[in-house]
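Visitor: I would like to learn how to read a structure such as this one, beginning with the surroundings of a ligand. Could you take me through it step by step?

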Amino acid sequence: MQDEKLSSAAAVAAPSAEAEEPAICARGVCLSFGGGTVAVLSDLDLTVARGEKVALTGPSGSGKTSLLAVVSGLLRPDSGTVRTCSLPVETMNEDELAKMRRDKIGIVFQHFHLMESMTALENVMLPLELAGREDAEEKARESLSSVGMARRVGHFPSQLSGGERQRVAIARAFAPGPELLLADEPTGNLDFDTGKEILDVLFSLAEGGEQTIFFITHNHELLPRFGRVCALRGGRLETR
Ligand SMILES: Nc1ncnc2c1ncn2[C@@H]1O[C@H](COP(=O)(O)OP(=O)(O)O)[C@@H](O)[C@H]1O
Ligand SMILES: [Mg+2]
């Protein structure tokens, strides 16, 4: 009887196979451009556990943006395996990859990539509408409000400062509640205080949640905030 109780308790406590699987698992990834003339990633391994907050550094041109693109299925590596949010990225077709990005991943691009002809609110609503969410406007307003942009919802990107545009880009990435947030130097064009504020916003949005953050930054003063720091050098990752 006691044994039975123990084993059923263990069954309840045991995390599901999916929960155990890392958010990102890349093995032996090689990526080159120019028909193999420019090698960018060389036999690269990367594991990011669910809920982990990892920073990625590395000199300009070392392949950080390329790695983010491989993880999100925007670029196909020459070889190697990539599992992102438990999905086999290298075997998926374009439609499946687009669905994965829509449903599971939020990406904050280095240069914001906001739609210039749309207001802040419309920009943030876009991915929610594409996902068929009926509460798109409510969610978008909530997300903009959480990054301190409630009073700027009707502004177009050209009417916003760099820091404000970056907040909108973060609100857009976070609004659908992604499992994985990928950020490409989102503080790179901002002054230190604004950069720190943006990071505070990101961490407060992810706090309490299971969100995994993989964050490219050159800003060494921000690194202590992360659970782990990796550096990309010579096409491979070193953990510091
Ligand atoms: N689409 C592309 N075509 C050719 N070369 C590229 C392309 N994208 C990136 N590269 C090259 O790959 C290298 C890594 O670029 P990138 O991933 O943007 O580095 P980082 O983000 O670390 O600055 C650079 O040498 C860059 O010139
Ligand atoms: Mg880059």
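Guide: A residue is near a molecule if its C-beta atom, placed from the backbone, lies within 6 Å of it. Around ligand 1 this gives Phe33, Gly34, Val38, Val40, Gly58, Ser60, Gly61, Ser62, Gly63, Lys64, Thr65 and Ser66. The elements that supply two or more residues to this shell are β2 (38-48) and α3 (64-71), where helices (H or I, at least four residues) and strands (E, at least two) are DSSP runs numbered from the N terminus. This is a predicted model, in which local features need pLDDT of at least 70 and side-chain atom pairs count only at pLDDT 80 or more, while totals for chains, interfaces and linings use all residues. Residues are numbered from 1 along each chain as its sequence is written, and chains are lettered from A and ligands numbered from 1 in the order in which they are written.

Visitor: Which element gives the most to the shell around ligand 1, and how do the residues of that shell divide into nonpolar, polar and charged?

Guide: Helix α3 gives the most, with 3 residues. The shell divides into 3 nonpolar, 8 polar and 1 charged, counting Ala, Val, Leu, Ile, Met, Phe, Trp, Tyr, Cys and Pro as nonpolar, Asp, Glu, Lys and Arg as charged, and the others, Gly among them, as polar.

Visitor: Which residues touch the most other members in the largest nonpolar core?

Guide: A nonpolar core is a set of buried Ala, Val, Leu, Ile, Met, Phe, Trp, Tyr and Cys residues joined through C-beta atoms within 7 Å. A residue is buried if 20 or more other C-beta atoms, placed from the backbone, lie within 10 Å of its own, exposed if 12 or fewer, and partly exposed in between. In the largest core, which has 57 residues, Val124, Leu144, Ile170, Ala171 and Leu182 touch the most other members, and helix α7 (residues 162-174) gives the most to this core, with 6 residues.

Visitor: Where are Ser86 and Glu185 found, and is each buried or partly exposed?

Guide: Ser86, with phi near 65°, is in the loop between β4 (79-84) and β5 (87-88), and is partly exposed, with 17 other C-beta atoms within 10 Å. Glu185, whose phi is about 45°, is in the loop between β7 (180-184) and α8 (192-206), and counts as buried with 22 C-beta neighbours inside 10 Å. Both phi values are positive, although neither residue is a glycine.
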